[in-house]
2 protein chains.
Amino acid sequence: MRSETGEREAPSFIESARRAQIVECAIDAIAALGYPRASLAQIARRARISKGVISYYFADKDELIRQVVHEVLTAFDSYMRPRIEAERGSAARMLRVYIESNVAFMATHRKHVLVLVDILTHERRFDGKPLIDAKEYESGLMELEQILRRGQRTGEFRRFSTRVMAVSIRQAIDGVAPQIVANPNLDLDAYGAELAEIFDLATRA
Amino acid sequence: MRSETGEREAPSFIESARRAQIVECAIDAIAALGYPRASLAQIARRARISKGVISYYFADKDELIRQVVHEVLTAFDSYMRPRIEAERGSAARMLRVYIESNVAFMATHRKHVLVLVDILTHERRFDGKPLIDAKEYESGLMELEQILRRGQRTGEFRRFSTRVMAVSIRQAIDGVAPQIVANPNLDLDAYGAELAEIFDLATRA
DNA sequence: CCGGTTTCTGACCGCATGGCCAATTTTTAG
DNA sequence: CTAAAAATTGGCCATGCGGTCAGAAACCGG
């Protein structure tokens, strides 16, 4: 299936379908069992195929996981971007929308968000290097910092370390995920509004 | 070593020493390799003993890990408590001291904090039950909420969800740990002050 | 010096994992 | 229809895991 020549051939219909199916089943498996227990065997079982098929389409488990992360991140991005861009006028409104949209996305994409967080917390190595992705994730932090800097430039925001603020906001948002599982009835709209209020007060000039 | 009778005998000198040594080596191993890679074999290697010794003194790995968590949490508690109690007069000052002491503790106990966070994030199961500890940890959240409620009662703080605020504060603090590794020169005093400022503004009436 | 107890070793067990591959079935194209 | 290519199977592998155990060694009171 894989051409060894320089030019990459268009993936066959089956190839795309299988890849998508396997990625989807990986998400299901991680959501159901947690990242550490989501083995290739489990993923294969859910797809009703043999493990070998996964190896056939993905070089190794890392590539599969990277694909899962990419998929979720892409969905996330296309949800967030237009909502934030719509508020270009005010950094304060951008920040509010950033936080609220983020939480709202979690409400409508619970499974995917859970899986993302699970992978990121379990795969991220303290010692740094083999960190498979995190670049895509880290870039999210950069965008957040940009909003903050813009607000400081326009005078809407007070002076503060944009780094510390950005990390705190991200952490506060990420902290929602575990609570969704612990308490499925959690009112996420209210939660998002609370969070937005907290960081509105924290940033305002 | 273990008496089967009801009355527990005083642990021998060797027993206490070994237990302490093993716990210490477990901390080293987790700090160096990360929780998932800190196997009994690795821990034993660092202690220059055979795996069997660990099994001899600890029923299973869970008990060892529970001991590690307990040790770090105890040190943390005895560091924090007096500092916070000293500010009994004002909830706002208590909160500030809570945040700054927390970050300061991280500065002086980097390894132990790293290990704690590593264990907690990796061991916490989404599906809940086998959650070995987390009670001790969760109780920290309660104390934080108490400070917040007190501030609301005295009118120092505005109205907000103490739960959301407490989780956000904890998350913001916990978010420091990974950055310590990524950037060992991080100015934690400044970081703590920034964080305290953020949540001072967010809570003030 | 002895005999029992505590401590410790190193080999071993069963299990699950990620990955590999020869053989087979299915699809595709001439 | 046929033969090459793509897709799939199922068994196999080495590895590392947590945990166990018989027996050796060290220790200690009498």
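A residue is near a molecule or strand if one of its heavy atoms lies within 4 Å of it. This is a predicted model: local features need pLDDT of at least 70, side-chain atom pairs count only at pLDDT 80 or more, and totals for chains, interfaces and linings use all residues. Residues are numbered from 1 along each chain as its sequence is written, chains are lettered from A and ligands numbered from 1 in the order in which they are written, and side-chain values use heavy atoms, with hydrogens and water left out.

**Exercise 1. Describe the protein surface near DNA strand C.**

Step 1. DNA strand C is surrounded by 16 residues, and the closest are Leu40(A), Lys51(A), Lys61(A), Ser12(B) and Arg18(B). Of the atoms of DNA strand C that come within 4 Å of the protein, sugar and phosphate account for 61%.

Step 2. Sort the residues by class, where Ala, Val, Leu, Ile, Met, Phe, Trp, Tyr, Cys and Pro count as nonpolar, Asp, Glu, Lys and Arg as charged, and the others, Gly among them, as polar. The surface near DNA strand C then has seven nonpolar, five polar and four charged residues.

Step 3. List the side-chain atom pairs. Lys51(A) places a polar side-chain atom 2.3 Å from a base oxygen of DNA strand C. Phosphate oxygens of DNA strand C lie 2.7 Å from a polar side-chain atom of Arg18(B) and 2.9 Å from one of Tyr57(B).

Step 4. Assign the surface to elements; helices (H or I, at least four residues) and strands (E, at least two) are DSSP runs, numbered from the N terminus. Two or more residues come from each of helix H3 (51–57) of chain A, helix H1 (13–33) of chain B and helix H3 (51–57) of chain B. H3(B) gives the most, with four residues.

**Exercise 2. Find the rotation that superposes chain B on chain A, and name the relation.**

Step 1. Superpose the copies by least squares on the C-alpha atoms of residues with pLDDT of at least 70 in both.

Step 2. Compare the contact residues (contact means heavy atoms within 4.5 Å). Both copies use the same surface, as 97% of the contact residues of chain B recur in chain A.

**Exercise 3. Summarise the fold of chain A and examine its helix H5.**

Step 1. Chain A has 10 helices and zero strands. Of its 205 residues, 46% count as buried (under 20% relative accessible area, with exposed over 50% and partly exposed in between; 1.4 Å probe, protein chains only). Among contacts in chain A with a separation of 6 or more, residues 24 or more positions apart account for 65%.

Step 2. H5(A) has 18 residues and reaches 25 Å from its first C-alpha to its last, close to the 26 Å expected at 1.5 Å a residue. The expected span is 1.5 Å times one less than the number of residues. Its buried residues include Leu95(A), Tyr98(A), Asn102(A) and Phe105(A).

Step 3. Inspect the N-terminal end. Ser90(A), in the loop between helix H4 (61–85) and H5 of chain A, is buried at a relative accessible area of 11%. Ser90(A) caps H5(A), with a side-chain oxygen 3.2 Å from the backbone nitrogen of Ala92(A). A polar atom of the Ser90(A) side chain also lies 3.0 Å from the backbone nitrogen of Arg93(A).

Methods
A polar contact is a pair of N or O atoms within 3.5 Å; within protein, one must be able to donate a hydrogen and the other to accept it, and residues adjacent in sequence count only if both atoms are side-chain atoms.
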